[in-house]
Amino acid sequence: MKKYIAFLLSFYSTFVFSQKVESYKLTKQEISERELTAVTDFPIYKAFEFSDKGGVYELVLGENQKTVSKKDTLNTKIQAICVVNDHGGFLEKWRINDLLENTIPKETNIWFWTKYCSTKDIDGDGYIEPIIVYGTRNEDGYIRRVKIITVYKNKKYVIRAVECDLDDCRSFEKDQNWNTLPQKIKTYVNQLTEKMRKEQDLLLKNG
């Protein structure tokens with residue numbers, strides 16, 4: 001009996017710790033099959049499924065699509081929600097909400113910058129560290145705010161940037177807890193920030 005229990009424990013341990021770390025974007029059909037429209041208040045812009053040692057997760061990115069036209073879709077609010085399937089329902093692990101700010105010039109659009117978002121195991125610990133990136137654009141057509149949010153062990157570590165031609169209205173701030181992140185993750189996000197500077201002609205700096 002003891003040998004049988006030991007075998008079961010060994011099998012369970014092997015199964016849990018050998019859980020594949022993988023991620024992929026869901027199709028519209030897969031979003032419908034998983035009934036993910038019930039997760040967010042807004043139309044789903046994109047959704048991802050990822051798995052790691054902690055289980056299988058669904059990450060839903062919703063944008064409210066306040067103004068929809070042939071030329072553009074403008075959002076006033078966004079919502080990112082990560083859930084795990086729990087006995088036929090969804091158990092929320094974390095969420096991100098944001099909306100336009102009342103600025104001059106006025107912000108007119110907020111959107112997920114999925115080109116720079118990721119769901120990877122960056123530090124190789126068997127758990128995925130999602131990175132959510134989004135921005136806002138003002139009525140003059142310029143990018144105003146950028147946020148880069150790293151989720152590590154269900155805690156958020158945020159970089160907030162405001163773009164401006166003038167030194168006194170420009171900012172780039174990391175959360176106080178930023179330096180508690182593993183070095184590999186900090187290096188990855190710093191490289192991502194540099195990539196955004198080059199590709200989008202952003203300053204992403206103070207003063």
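Contact here means heavy atoms within 4.5 Å. This is a predicted model, in which local features need pLDDT of at least 70 and side-chain atom pairs count only at pLDDT 80 or more, while totals for chains, interfaces and linings use all residues. Residues are numbered from 1 along each chain as its sequence is written, and side-chain values use heavy atoms, with hydrogens and water left out.

**Glu-107**

- Not counting residues up to four places away in sequence, Glu-107 touches Leu-100, Glu-101, Thr-136, Arg-137, Asn-138, Arg-144 and Arg-145.
- Glu-107 lies in strand S8 (residues 107–112); strands (E, at least two residues) and helices (H or I, at least four) are DSSP runs, numbered from the N terminus.
- Glu-107 counts as buried because its relative accessibility is 3%, where buried means under 20% relative accessible area, exposed over 50% and partly exposed in between (1.4 Å probe, protein chains only).
- Its side chain makes a polar contact with the side chain of Arg-145 at 2.9 Å. A polar contact is a pair of N or O atoms within 3.5 Å; within protein, one must be able to donate a hydrogen and the other to accept it, and residues adjacent in sequence count only if both atoms are side-chain atoms.

**Nonpolar cores**

- A nonpolar core is a set of buried Ala, Val, Leu, Ile, Met, Phe, Trp, Tyr and Cys residues joined through side-chain atoms within 4.5 Å.
- The largest core has 23 residues, and those touching the most other members are Trp-113, Val-133, Val-146, Ile-148 and Met-196.
- At least two residues of this core come from each of strand S10 (129–138), strand S11 (143–152), strand S12 (155–162) and helix H3 (183–200).
- A second, separate core has 19 residues, including Tyr-57, Leu-61, Trp-94 and Val-151.

**Pockets**

- On a 1 Å grid over the protein atoms alone, a pocket is an open set of points where a 1.4 Å probe fits, with protein on both sides within 12 Å along at least five of seven lines; lining residues have an atom within 4 Å of a point.
- The largest pocket has a volume of about 460 Å³, a volume being the space filled by probe spheres set on the points, which are joined across faces, edges and corners.
- Its lining has 17 residues, with Tyr-142, Ile-143, Glu-163, Cys-164 and Asp-165 nearest the centre.
- S10 and S11 each supply at least two residues of that lining.
- The second largest pocket holds about 220 Å³ of space.
- Of its 16 lining residues, Asp-52, Tyr-127, Ile-128, Lys-153 and Asn-154 are closest to the centre.
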